[in-house]
Amino acid sequence: MRFVLLLAFILVPLAEIALLIEVGRHIGILATVAIVVLTAILGTTLLRQQGFAVLQRASQSLQTGRMPLDSVAEGVLLLIAGAFLLAPGLITDTIGFLLLIPPIRRPFAKWVLKRLVESGAVHVSVFTSGEAGGGPFRSGPESRPPDGDDDGPVIEGEFERLDEKTSRKKPPPR
């Protein structure tokens, strides 16, 4: 995986430079620079709109008691799209714009989330109260532990009962 990332960090900039030189030959240097700057401006504007829409969907999910897993995955893809759009180049701009298109981004976000959960790289746990209707978050198929244990998450910690401290009277001094 590290080798693939290293290769990507070397090959992508080289491909970007080659493409920018070729486009600059055909339409001119100023027009090429203008395209790169305009795509960055347009991309950040669209990114802001898409980001607010994803944030609103996440908020609605939380209000209805569902975990906003899809919205979180979409938000991460929007961050990646923003990085691609701000990087100078036409290849990265194209990838960034593709990630801004909801019909492309949403299925891709679900696929990425599914792959991460299946690989064990990401564990999704939910909080539920003892009520029959569930608590703040209801568990779904994506929130089940990989070993099939349906008892829910285990939270380790220490606690101190305050009602016992206040209800006990100290013995009188001798």
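Reader: What am I looking at, and how many helices and strands does the protein have?
Author: A predicted model. The protein has six helices and zero strands. From the N terminus, the order of elements is α-α-α-α-α-α.

Reader: How much of the protein is buried?
Author: The protein has 174 residues, and 22% of them count as buried.

Reader: And the surface? How much of that belongs to carbon and sulfur atoms?
Author: The accessible surface is about 13200 Å². Carbon and sulfur atoms hold 67% of that.

Reader: Let's zoom in on α4. Which of the residues in α4 are buried?
Author: Helix α4 covers residues 90-100. Its buried residues are Leu90, Thr92, Asp93, Gly96, Leu99 and Leu100.

Reader: What do those buried residues pack against?
Author: Four helices: α1 (2-27), α2 (29-63), α3 and α5 (102-119).

Reader: Take α3. At what angle do α3 and α4 pack?
Author: About 150 degrees, with the axes 7 Å apart. Over 145 degrees counts as roughly antiparallel, so α3 is roughly antiparallel to α4. The crossing is left-handed.

Reader: Why quote both an angle and a distance?
Author: Because two packed helices are described by the angle between their axes and the distance between the axes.

Reader: Which residues meet there?
Author: From α3, they are Leu77, Leu78, Ile80, Ala81, Phe84 and Leu85. From α4, they are Thr92, Asp93, Ile95, Gly96, Phe97, Leu99 and Leu100. By class, this contact has ten nonpolar, two polar and one charged residues.

Reader: Now α1. How do the axes of α1 and α4 cross?
Author: At roughly 105 degrees, and the axes come within 7 Å. Angles from 65 to 115 degrees count as roughly perpendicular, so α1 is roughly perpendicular to α4.

Reader: Which residues in α1 and α4 meet?
Author: Val12, Ala15, Glu16, Leu19, Leu20 and Val23 in α1 touch Leu90, Ile91 and Thr92 in α4. The classes here are seven nonpolar, one polar and one charged.

Reader: Last one, back to the whole chain. What share of the contacts comes from residues 24 or more positions apart?
Author: 57%, among contacts with a separation of 6 or more.

Note on methods:
Residues numbered from 1 in each chain as written. Predicted model: local features only at pLDDT ≥ 70, side-chain atom pairs only at ≥ 80, totals over all residues. Heavy atoms only, no water. Axes fitted to C-alpha atoms, helices over the stretch in contact; angles between N-to-C directions. Helix = DSSP H or I, 4+ residues; strand = E, 2+ residues; numbered from the N terminus. Parallel < 35°, antiparallel > 145°, perpendicular 65-115°, else oblique. Left-handed = near helix turned anticlockwise from the far one by under 90°. Contact = heavy atoms within 4.5 Å. Nonpolar A, V, L, I, M, F, W, Y, C, P; charged D, E, K, R; others polar. Buried < 20%, exposed > 50% of the residue type's maximum accessible area, 1.4 Å probe, protein only. Areas by Shrake-Rupley, 256 points an atom, 1.4 Å probe, with all protein chains shown as cover.
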